[in-house]
Amino acid sequence: MLETLATGQAALKGRIDMANSGALAAPLRRLAAQGPLRLDLSAVEAADSAAVALLLAAHRAARAAGHALTLAGAPDNVRALAGLYGLQALLFSETE
């Protein structure tokens with residue numbers, strides 16, 4: 001689930017996987033392209049490689065629009081998956 005918390009702040013919650021990441025992709029890309037975005041991942045309970053693809057798409061949307069995407073509270077499994085695909089430095093270069 002994607003929840004907008006305030007202007008420039010959103011959170012992903014629950015399970016983020018192949019079953020639901022497609023529905024999250026467009027709204028998250030849109031948020032990332034609107035302005036600097038702090039995305040809280042601390043309530044992500046489970047994730048698979050589709051979650052990493054989702055974050056990568058948001059990162060690309062933010063960069064294309066000239067904005068920063070800051071990921072906060074990423075669970076260890078999300079960081080590990082990003083590392084497995086060689087994306088940890090790219091996705092988590094701007095973290096809290």
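Modeller: A salt bridge is a side-chain nitrogen of Lys or Arg within 4 Å of a carboxyl oxygen of Asp or Glu. This is a predicted model, and Lys13 forms such a bridge with Glu3, with the closest N and O atoms 2.5 Å apart.

Colleague: Which parts does the Lys13 and Glu3 pair tie together?

Modeller: Lys13 lies in strand β2 and Glu3 in strand β1 (residues 2-6), so the pair ties together parts that are 10 residues apart in sequence. Lys13 is partly exposed, at 28% relative accessible area. Glu3 is also partly exposed, with a relative accessible area of 28%.

Colleague: How many salt bridges does the structure hold?

Modeller: The structure holds 2.

Colleague: Are Asp17 and Arg15 buried or exposed?

Modeller: Buried means under 20% relative accessible area, and exposed means over 50%. Asp17, at 13%, is therefore buried, whereas Arg15, at 51%, is exposed.

Colleague: How do I read a cavity, and how many of 30 Å³ or more does a search of the whole structure find?

Modeller: Rolling a probe the size of a water molecule over the atoms shows where empty space is left. Here the search of the whole structure finds 1 cavity of 30 Å³ or more. The largest cavity has a volume of about 50 Å³.

Colleague: Which residues line the largest cavity?

Modeller: Leu12, Ile16, Leu41, Val44, Ala51, Leu54, Leu55 and Val78 line it. Two or more lining residues come from each of β2 (9-16), β3 (37-47) and α2. Helix α2 gives the most, with 3 residues. By class, the lining has 8 nonpolar residues, no polar and no charged ones.

Colleague: Which residues of the largest nonpolar core touch the most other members?

Modeller: A nonpolar core is built from buried residues joined through side-chain atoms. The largest one has 30 residues, and Leu12, Leu39, Leu41, Leu55, Leu71 and Leu91 touch the most other members. The largest share of this core, 8 residues, comes from α2. Leaving aside neighbours within four places in sequence, Leu41 is in contact with residues including Leu12, Leu55 and Leu71.

Colleague: Where is His59, and what is in contact with His59 beyond its neighbours within four places in sequence?

Modeller: His59 is in helix α2 (residues 49-64). At 7% relative accessibility, His59 counts as buried. With neighbours within four places in sequence left aside, His59 is in contact with Leu69, Leu90 and Leu91.

Note on methods
Residues are numbered from 1 along each chain as its sequence is written. This is a predicted model: local features need pLDDT of at least 70, side-chain atom pairs count only at pLDDT 80 or more; totals for chains, interfaces and linings use all residues. Side-chain values use heavy atoms; hydrogens and water are left out. Helices (H or I, at least four residues) and strands (E, at least two) are DSSP runs, numbered from the N terminus. Buried means under 20% relative accessible area, exposed over 50%, partly exposed in between (1.4 Å probe, protein chains only). Contact means heavy atoms within 4.5 Å. On a 1 Å grid over the protein atoms alone, a cavity is a set of points where a 1.4 Å probe fits but cannot get out, and a pocket is an open set with protein on both sides within 12 Å along at least five of seven lines; lining residues have an atom within 4 Å of a point. Grid points are joined across faces, edges and corners, and a volume is the space filled by probe spheres set on the points. Ala, Val, Leu, Ile, Met, Phe, Trp, Tyr, Cys and Pro count as nonpolar, Asp, Glu, Lys and Arg as charged, and the others, Gly among them, as polar. A nonpolar core is a set of buried Ala, Val, Leu, Ile, Met, Phe, Trp, Tyr and Cys residues joined through side-chain atoms within 4.5 Å.
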